[in-house]
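Reader: I have a new model on my screen. Please take me through its overall build, one question at a time.

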Amino acid sequence: MSTPVIGWIGLGKMGHPMAQHLVNAGYPVTVYNRSKDKETGFGNTATSPKETMAGADIIFLMVSDDAAIHDLVQGPEGLLAAGVSGKLVVNMSTVSPHISREVAASLHKQGNEYLDAPVSGSVKQAQDAALVIMVGGPAAAFEQAKPVLEKIGRLVMRVGDHGAGNTAKLAINSMLAYHAQGLAEAVLLARNNGIATADLLTLINNSALGNPFIKIKGQAILDNNYAPAFALKHIAKDLRLAKHLGLATPLGQAAFDSFQHAEATLGEEDIIAIIKQL
Ligand code: NAP
């Protein structure tokens with residue numbers, strides 16, 4: 001295919017910088033976001049998901065959850081309402097494998113293809129085009145999307161058929177929840193026994209346990225800055241989805257419980273705000 005026309009739906013904290021990379025790479029990009037203010041700065045905008053679908057070859061989705069995907073695909077102004085064929089829809093949101101298989105089947109009936117392509121990495125990696133992208137779906141569709149995905153990620157890897165990307169992502173995010181809670185618990189244990197948080201973090205960051213996540217979230221604790229890069233409500237959602245996949249291990253259950261409890265009061269803050277709950 002010659003240069004594909006891109007439709008991009010969802011300009012939240014992640015979607016905005018990701019779409020911007022495709023504009024910068026020279027692709028013709030039309031964006032759509034439910035709240036129109038987030039479209040500011042993009043040249044071509046669509047008035048609905050339906051219009052985005054009709055006008056593009058590859059349509060990317062980067063929105064919150066299963067409910068958002070359901071609205072955007074099945075809604076009266078949704079992708080299916082366009083009634084077109086020959087399109088490729090790439091869903092980069094963290095959603096359930098179940099909805100991916102459902103959407104893939106509906107799109108297929110109209111003659112369209114679907115990939116689930118969730119990402120590992122947060123806003124910083126999205127800004128740096130350094131996301132890790134895990135893809136579920138047919139190999140031919142993967143090959144079609146890969147050159148575009150490579151403008152957003154540093155690793156683009158197919159892991160199986162529809163829903164496989166989502167499954168891999170939920171496994172990774174369960175581990176992310178353990179990391180966040182583990183850091184918070186270590187800081188609290190040290191602090192309650194007279195060790196300064198800054199000292200503990202210096203030790204951790206110079207040890208084998210130091211990694212970019214611990215560094216960024218440790219700094220957030222030091223700065224008392226819980227503005228969301230990855231909103232706590234999203235990891236609470238991911239742990240619910242992982243539970244549907246069978247997450248029932250000791251750590252899994254503990255993380256599930258604490259993030260579900262924290263969601264009502266801390267859902268709009270960053271994942272590391274779990275320290276306040278603990
Ligand atoms: P966000 O900033 O909260 O943005 C959410 C986006 O979804 C917004 O564009 C929002 O539109 C849209 N949306 C929500 N419900 C909708 C609906 N019913 N219909 C249409 N649009 C709807 O979220 P984010 O941090 O960018 O995360 C997006 C996805 O990536 C999530 O699945 C998240 O789990 C995943 N993820 C996030 C991170 C991270 O660090 N932030 C990392 C990896 C993966 P409005 O602007 O109108 O609200």
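Author: First, a definition for the charge count: Lys and Arg count as positive and Asp and Glu as negative, while His and the chain ends are left out. Note too that this is a predicted model.

Reader: How far apart do the centres of the positive and negative side chains lie?

Author: Take the two sets by that definition. The protein has 22 positive and 24 negative side chains. The distance between the centres of the two sets is 2 Å.

Reader: Which radius of gyration does the protein have, and why does it agree with a compact globule?

Author: The chain has 278 residues. A compact globule of that length would come out near 19 Å, so the protein agrees with the rule. Its own radius of gyration is 19 Å.

Reader: What share of the residues is buried?

Author: Buried here means under 20% relative accessible area. Apply that cut-off to the 278 residues of the protein. The buried share is 50%.

Reader: How many residues does domain 2 bring to the contact with domain 1?

Author: The protein is split into domain 1, residues 6-161, and domain 2, residues 168-277. Their contact takes 15 residues from domain 1. From domain 2 it takes twelve.

Technical notes. Residues are numbered from 1 along each chain as its sequence is written. This is a predicted model: local features need pLDDT of at least 70, side-chain atom pairs count only at pLDDT 80 or more; totals for chains, interfaces and linings use all residues. Side-chain values use heavy atoms; hydrogens and water are left out. The radius of gyration is taken over C-alpha atoms; the globule rule is 2.2 Å times the number of residues to the power 0.38. Buried means under 20% relative accessible area, exposed over 50%, partly exposed in between (1.4 Å probe, protein chains only). The place of a charge is taken as NZ of Lys, CZ of Arg, CG of Asp or CD of Glu. Domain bounds come from an automatic or database domain assignment. Contact means heavy atoms within 4.5 Å.
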